[in-house]
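My entries follow the display.

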Amino acid sequence: MKNPTDIKEKVRKNLIWKSVFRRDYRNTVRDRAQAIFGNIFLHLHPVQVREGAVKLRFTWGMGGITFFAFIILVITGVVLMFYYHPSIDQAYSDIKDLEFQVPFGVILRNLHRWGAHFMVIVVMIHMFRVFMTGSYKAPRQFNWGIGVILLVLTFLLSFTGYLTPWDQLGFWAITVGTNMGAATPLLGYQGPFSEFLHITPFNDVRFALLGGSRVADNALLRAYIWHCVAIPLVSVILMFVHFWRVRKDGGISKPQTQK
Amino acid sequence: MQDDKELMKGHHEEKAVHGTTHAAAGQAESDSRRQFLNRVGWASLAGFLAINTAAFLRFFYPRVLFEPASRFKVGFPADYPPGTVNSQYQKEFGTWIIRLQDGSFFAMESRCTHLGCTPSWMEAQKKFKCPCHGSGYYITGLNFEGPAPRPMDRFKLSIAEDGQLQVDKTIKYPGIPGKESGEVYPQSLLRV
Amino acid sequence: MTTENKNNSSYRVYLFVFFSVLLFILTLWVVWNDEFGLRPWKKYQNEYKSLKHAQLEKDYQKAQNDFTKSGDSRTLARLEAQLKKAQDQFNSSEVQQKYRKLSTQWADVHAEAARNQKELQTARGLYLETEYYFTKTQKAGYKKKMDDLQKRIDAVSSKASSLQKQEESLKASLAPFTSGIADIQAEIEKMKSPLEEKKERIATSDKVPVEIKQVYIRDVDKADRCQSCHIGIDGSRQISTKQPFTRHPASFVFLKNHDPEKFGCTFCHRGQGRATTSVEKAHGNVKHWDEPMLEGDMTQTSCLSCHGDVKHLRGAEHIAKNTELVRKYGCYSCHKIPGYDGFGDVGPVLTEVGTKVNYTWAVNWLLDPKNYFATARMPKFYFKQDEAEAIADYLFSMSGTTRHDADYSADTPDEKLVEQGRSLWSQARCNLCHMTNGKGGNNVKVYAPDLSKVGSKANKEWLFKWIKDPNAYFPGTKMPRFRFTDEEIKALVEYLVSEYQDDEAEMKYPTPSEISSASIKKGKDLILKYGCYGCHKLQGMEEMVQVAPSLMSQGVTFLKGEEMREKIGAELTSIGSKPIDMLDFGKLQKAIPNDRLSYIKQKLRDPRGYRLGLRMPDFRLSETEINGLASVLYGFTDNNIPSRFMVPSRQELDKIAGVPSYKFTGDFAKIINDVKCTNCHTIKGIGADYAPDLSVAGSKLQESWIRNFLANPDVIRPLLQQMPKLGLTSGRAPAKITMPKFNLGIQNVEDTNKSDVDVVLNYFQQELVTPDIPKEIPVITTLAIEEQIAKGKELYDQKGCRSCHQLGNDGGALGPNLSNVGNRLKAGFIFKHLENARKFKPDIVEPNYGFSERERIYLTNYLMTLKLNAK
Amino acid sequence: MNPFIEIITQPDNIAIVIMIIMVTFFTLWAFQQAFENDRLIAAGKPVDGENEGLVDTFKPLVRIELIIALAVMVFLTFWSIVVDAPLEEIANPTLTPNPAKAPWYFLGLQELLVYFDPWLAGVVLPTLIIVGLIAIPYIDINPKGNGYYCFNDRKFAVITFSFGFFILWLLLIVIGVFFRGPGWLWYWPWQEWDHARVVFEPTRDLSNVFGIDSRSLPGFIIGAIVVNGYLIGGMILPYRYLKDKMPEFMKQFGLIRYLVTASLFITMMAIPVKMVLWLVFHIKYIWITPWFNV
């Protein structure tokens, strides 16, 4: 008890400590493996990985960075929701208030905004890397497909988030974006062949997106739900499929030269 | 395998693996420096997390509220007949303006001291009756029936410069069990 | 591999430490930013608090010093000694014995009373409960119980009243024991309390929390936090004149009428009310904030948002003055501007201009109106010579005349007539409206033309016709018809033409020449292009059939009615909130700041400067006028201010209430139309404020005086009082301002037997009266009239009336001369006026002395004796 | 301020600058490694990482992940402190800002909207891009180049993908962000954006070039021939060619795979073709039908 080592010892022998960490870490092979599969967060990893996975040269870490950016966005996003009302009367002033009076409101919003830009950039480079190393080839074809869908979901996440501040930028981006939906062949009222299905502005794709014939309160609420709940949920599920597949397909792809 | 050596926190752990094979002085020095650096790194990380936790908590206390003002004017004394309870300001400010038979005024929070429901004034029975659990109060706010533990709370009532009555909710006179608030807090009563 | 890994891994440790330390430092930066970097108001509030503390401390010190010096401290010491003595006396055992005995008795009774009160409440509660069950069940048992309870209540309450009586008597007997002490204590308290209060104030002000101060207006979701920095803006005292601590200037006008708690700041000042993080953001001088803050006089532009009428609005003088510019230059002629519909043409009628002016003059005028006289309101269109000629050709052909120049110099002026004309000129006070050679023209709002060179412009025949009956040539003109005889008019014309010649005018077209039809066509196109019809009445094609059939046969057509209906300029309804992107800065994109105000100002300064092909003419406004007009235009916004903030103008209110606007009736209306009284006077809300309001003149002025005055106007009021209102420059100040002589008595109105003066007087007595002013004053029977007059004179001397009013050769020059007031005003008016001068003229200087009725009677009686003998 | 600096320092555009820097860096790195591996393969040596063994995940990988996470946090925090996220004026349905731009990652699509009708640029092409991307692994049956950077082993795949990725996606984004100003007009970086700029650029349809009304039957026929000729020709000619030159490969590749690949490829190539037609010859539509225009 007299010197720090004793206290450390005492703490480590404590029942509570043991219940959390189970055993001492003595850097044996067993311990290193235990550290990975005994921890839910590290559990995604295999116990051993290819040496190349540890070097930045091959993967550039882009997939991991994308996931980390996503986590940052989820955290900042959830926190921002505490001060945000998805209604056209309040949304804009809520954002102004985040900037001007809510403690740490500015930094959270900035992190969310720049984190979103960053994630889009990183996810694109991730795709480029996977293509350049041919990592989509057998047996990873399906996982590439998941990745493409995740890329699209990333764009949609960012896009739906555009409307939430209810400013000119988002309003017109969404207006133009959803008007493209109106041009869908068959299903959009301005698209080709739509007259055969009696499509009007009130029963086309765009209407479903906006919850009305123009960008207004319903559209904001829909964008908000898509942005905060629906798309993240789908993304998380697909992400785990994505990670799971990476592991099941043998981790980071490995040179398979045909000699 | 050697890769993880420097990643260890404790010196003795390292020894457990490598024994005394690397006993060179330079090696020891660089090890201790690495250990120190590691400590600095983890300490910074802990500091980062601590500050973030504090910031996260601070985040929940906005600097501005959009609630009704805590100081508000409620008209001129002459607007209130003696022996009446005025519920005009109950909706927005949660306050009754009460004038007793002797002509003195006070402002009372419209909140039952039991579990915070809003009692209503029963003119016929001259009492406040809480709909939640049946607590009853006299016009002075003194509880006499039901589970309420103490009389209802009062706010500071004064005369503003323009002659209007002004309620200041930041100054509160909490009811003391079994005592008339008017006797405990003579300053809660305003005589005009 | 070992060494490689070694190096590799140690650099990883460095990376780890580097990034984690950096992250920690950045986090500290974030926290610092959030607490201090982005919260400038904290600094300001702390500074304000220390300033206020210092000021209150000084107050306290001063009060304390005064207290010590004034001998109050000695009084206090004496009182304290007395208190001690009284207390000692009270504490002496025999007094205490008696006192305790009594107070124990009282306490017992009081406790008993409280018990009894509780009993009473219980009994009443039980009674109500029983009554409830009885009502429900109608059982006799309850009824009986109710009766019992009622008896109990009666008993208890009778006991209560007897207890109360006992209590009161005991209290009364207790009172003398302590009353002495209480009195002294109260005295001490009274002496000490001002000091204590001052001390208390310091403590309270120190305790004020440092926080964002916000005014929130729910229905417009407006949250103004300006007071977080401008902390002293509505304080009761000026703490510092430095920004942001100063008080609001003229707060008795602005803040008193616009309670900051209800209006916030940004309704008037614009800017970004929610912003608290930096001065630029809060003042709205940042990108993506469309409403930068307004400061100083510019703020008055916001008055237009809510106030339908800013003309007599206190605090809106700047904007009121500048809205007049819109009328002066007739902006509404070419632009659609809210609230300016239905005003008359700014320029004169041009339908027969060929019969009025000479051709050279017309061309020169079109080329540059300011060449003719510097104060010309007509803008410069930058016509080329041939364009100006084409327009002149069109106008002349429209009047059925050709290019011609009358050569007036050929006539030798009749000296005698000229002299007669000269005296008529001054008698009619033409100079009141018309400027000549830099003099006169004080009634600026009439916008009468400068006549310095009229002889080179208009021909004699036209001048004669014009003076004889202006309405005939230009219905709705502001020029009055002076009832001159033909002889007099001839003299006046002769005088004008000979006196006011332009020596430098060249006669370029001495010989009449044919107008080419091509030129006329070109003139028509130019008129269409530049929209001359916006300001001038031009003739439509229909009339041309009879006037110029020859031209018609040559294919020359004239403007059609529908061609002249559209407004040629851009709509200005919401220019003050027009998106910046929609303002075309053209080639000045980089040269001037890209904001709305700069755009408007530059447009006014150089209307065609932004790019080629712009049509707006150049008014050559002074910089003051540009700023003034810009501030008006800036106020035309499409804001959505809730209707509860709106202050409709008198006219709008009348419209809502269905009150028809006042109309003059009968012969008087004809006289008004003739003589244009409303050019100077306001009558029942109609007219200008150049001369006194005549709405209640019938109750105010004596008939005989009006009659004399109309026949022979004279100076009533010294100049001084008028000067500030007109903003005259010293160079233009005339010696006297008085009414022109309209010769009202000379001619009768059409078939009636009454003279004009009779009509006017009759109308004054019938219509321009108010029941507020009594016809007669109350009579005091107890005092002889002479004594009353003497008392009045005494009062007149006592109250210092003479410091403002002139009496004989004595007295000040601020108020009206009272030497002849007994002849001029009615006693009832004087009597009422003394009671409350502001009632009839809100902006009057005269103070309210609070005379009693008696005093007013004395004064009135005295003033009514002040008469000059009629000449 | 210099207009170019003004544009690139707009808060939202900083992200694009960061993207350009990052993409350039990683592209160079990728190709450097690809050529390195090509050399190794040519020399018959194993490529980078081929003979690598395994390491424990704990702690080498975990620690690297931690460091990268810290670096990303540092980067984002610094970015967030220094640059504030913009908030424009409150939404105003009656006033469209000029230029009204989509989120930057969609600016490629917005650029396409200039050349194609919305149903094509906004719906069909994006769908095809997604479908095409997902289809890549199933089309690319080249067994080489799996798990390492290389170029020689899969030239066609790399060139095609790079064309789509760099030209049709990233370049169009950069153009959309930096070169498109008010009115979606082209502005060079040194030009000031002018809201009042007047431009006269009338367009015509393909058959108008030959003096035939594009909405008439002959116009319709000409358009149909050109469009369908391009599509069908683009499928058949390479097929004949490849069958001739590489019969074995084509056998392995199969007809269906060929059809999918060819249709995706010629659709992709149709984009630059149409852009050139528009920009150089001012041709708006090639084929006008009562239902849609191409």
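I count two residues as in contact when heavy atoms lie within 4.5 Å of each other. The model I am reading is predicted.

**Chain A, contacts and burial.** With that cut-off I looked at pairs in chain A at least 6 apart in sequence, and 59% of those contacts join residues at least 24 apart. I then checked burial: 54% of the 259 residues of chain A count as buried. For this I took buried to mean under 20% relative accessible area.

**Chain A, elements and overall form.** I listed the secondary structure of chain A and found 12 helices and one strand. Chain A is more spread out than a compact globule, because its radius of gyration is 24 Å, well over the 18 Å that the globule rule gives for 259 residues. The C-alpha atoms of chain A fill a box of roughly 80 × 60 × 30 Å along the principal axes.

**Chain A, surface and charge.** I noted an accessible surface of about 11,800 Å² for chain A, with 67% of it belonging to carbon and sulfur atoms. How many positive and negative side chains does chain A have? I found 28 positive and 14 negative, and the centres of the two sets lie 16 Å apart.

**Chain C.** Chain C has 33 helices and eight strands. Of its 871 residues, 44% are buried. For contacts in chain C between residues at least 6 apart in sequence, 69% join residues at least 24 apart. The accessible surface of chain C is about 46,900 Å², and carbon and sulfur atoms hold 54% of that.

**A sheet in chain B.** I looked up an open sheet of four strands in chain B, with the order S5-S6-S7-S8 and antiparallel pairing. Which strands stand at the edges? They are S5 (120-122) and S8 (143-145) of chain B; each has a single partner strand, so one side of each is left without a neighbour in the sheet. In general, strands of a sheet pair through backbone hydrogen bonds.

Conventions
Residues numbered from 1 in each chain as written. Chains lettered and ligands numbered in written order. Predicted model: local features only at pLDDT ≥ 70, side-chain atom pairs only at ≥ 80, totals over all residues. Heavy atoms only, no water. Helix = DSSP H or I, 4+ residues; strand = E, 2+ residues; numbered from the N terminus. Rg over C-alpha atoms; globule rule 2.2 N^0.38 Å. Buried < 20%, exposed > 50% of the residue type's maximum accessible area, 1.4 Å probe, protein only. Areas by Shrake-Rupley, 256 points an atom, 1.4 Å probe, with all protein chains shown as cover. Lys, Arg positive; Asp, Glu negative; His and termini not counted. Charge placed at Lys NZ, Arg CZ, Asp CG, Glu CD. Pairing = 2+ DSSP bridges.
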